[in-house]
Amino acid sequence: MILNCLDALAELAPGIGAVVVDNASSDHTVEKVRSRSTVRLIENRDNRGFAGAVNQGFRECGTEVVLLLNPDVRLRTPVSALIEACRTHGIAAGQLTEANGAAQRGFTIRRFPTAASLIFELLGLNRLWPGNRINHLYRYLDRDLNQGGPVEQPAGAFLMVRRDVWEKLGGFDEDFHPVWFEDVDFCQRAKDSGYRIEYVPDVKAAHSGGHSVKKLPPARMEEYWYASLLTYAAKHFRPGPYRAVCLAAVLSAVPRSVAGLIRGRSLNPVVSCCKIIQLAVKRLVSRNGRNSGLGAPKTSKEY
């Protein structure tokens with residue numbers, strides 16, 4: 001995936017230098033990146049998480065604006081309009097598409113999660129009943145994705161940020177480790193600080209989606225997702241809604257583990273369920289927003 005990403009970047013954004021941060025990968029990513037002599041490579045000995053790696057890459061760049069680009073994203077258009085919007089507003093995002101060119105509805109842009117939308121996510125209601133009002137609003141299903149303008153939370157897979165904004169906000173919060181909700185938190189903090197996030201749908205990039213995350217064992221993926229979701233809720237929700245999210249996490253962990261047990265015929269989902277319930281109860285009691293206890297292994301690249 002990484003070479004497709006870099007080749008498209010070189011072709012459609014030749015003035016943008018590329019920095020690749022590798023989180024102790026065990027495949028051939030490093031060797032492939034080294035074959036591109038114009039690309040700067042940062043090799044981490046440990047998996048620092050998505051937020052930590054992005055912060056490293058941003059510090060390495062000395063430009064006015066920086067484009068965050070996941071390795072499974074391939075530019076389909078030039079990015080000059082994105083650069084202009086970012087310079088004007090501070091943060092800008094293009095449109096992520098499927099391979100056939102259709103916009104990734106429900107993912108490329110979203111509204112900020114509410115306690116209700118996270119509870120619906122935890123309980124699986126948005127998957128079972130995708131047309132419900134809460135999910136409709138959360139995933140911007142009421143918006144024409146070919147119409148530009150201000151949005152709340154574009155995906156961090158294809159996001160451009162002006163340097164002064166990044167420095168004022170302190171970059172991504174590395175408590176979201178190893179992955180998930182760090183981009184949501186960043187956009188929320190940007191809005192709270194008075195910045196506008198501009199959506200520029202004429203700038204497009206194909207996104208395969210979850211290329212590395214899908215390699216995680218499902219039980220481990222659930223642990224990371226729950227932990228980051230609770231970290232976000234602790235930072236941004238009032239006590240009542242936050243406690244409701246924690247309770248929903250406890251209630252949802254059991255049926256999810258049973259489903260995983262049936263699918264995988266392994267006890268790993270049960271072990272994971274116990275960890276998630278323990279974490280949710282701990283957060284409920286202490287309102288500790290730090291993502292501790294479910295960190296990533298330090299020797300694998302998982303996103």
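**Helix packing and aromatic pairs in a predicted model**

Met1 is placed in the segment before helix 1 (2-12); helices are DSSP runs of H or I with at least four residues, numbered from the N terminus. This is a predicted model, in which local features need pLDDT of at least 70 and side-chain atom pairs count only at pLDDT 80 or more, while totals for chains, interfaces and linings use all residues. Residues are numbered from 1 along each chain as its sequence is written, and side-chain values use heavy atoms, with hydrogens and water left out.

- Met1 counts as partly exposed, at 39% relative accessibility; the class lies between buried (under 20% relative accessible area) and exposed (over 50%), with a 1.4 Å probe and protein chains only.
- Met1 and Arg34 are separated by 33 residues in sequence and by 14 Å in space, C-alpha to C-alpha.

**Helix 10 and helix 11**

- Helix 10 (residues 218-236) packs with helix 11 (residues 239-264) at an angle of about 170 degrees, and their axes are 10 Å apart.
- Axes are lines fitted to C-alpha atoms over the stretch in contact, and angles run from 0 to 180 degrees between N-to-C directions.
- The two helices, helix 10 and helix 11, are therefore roughly antiparallel, a label for angles over 145 degrees.
- On the helix 10 side, the contact (heavy atoms within 4.5 Å) is made by Glu222, Trp225, Tyr226, Leu229, Leu230, Ala233 and Ala234.
- On the helix 11 side, the contact is made by Tyr242, Val245, Cys246, Ala249, Ser252, Ala253 and Arg256.
- The residues of this contact divide into eleven nonpolar, one polar and two charged; Ala, Val, Leu, Ile, Met, Phe, Trp, Tyr, Cys and Pro count as nonpolar, Asp, Glu, Lys and Arg as charged, and the others, Gly among them, as polar.

**Aromatic rings**

- The whole structure holds eight aromatic pairs, meaning rings of Phe, Tyr and Trp (its six-membered ring) with centres within 6.5 Å; planes under 30 degrees apart count as stacked, over 60 as edge-to-face and the rest as tilted.
- Trp166 and Phe186 form a tilted pair, 5.0 Å centre to centre with 40 degrees between the planes.
- This pair links Trp166 in helix 8 (residues 163-169) to Phe186 in helix 9 (residues 182-192), 20 residues apart.
- Trp166 and Phe186 are both buried.
- Trp225 and Tyr226 have ring centres 5.4 Å apart and planes at 85 degrees, so the pair is edge-to-face.
- Trp225 is buried with a relative accessible area of 17%, and Tyr226 counts as buried at 1% relative accessibility.
- One aromatic cluster is formed by Phe50, Phe58, Trp166, Phe172 and Phe186.

Methods:
Angles under 35 degrees count as roughly parallel, over 145 as roughly antiparallel, 65 to 115 as roughly perpendicular and the rest as oblique.
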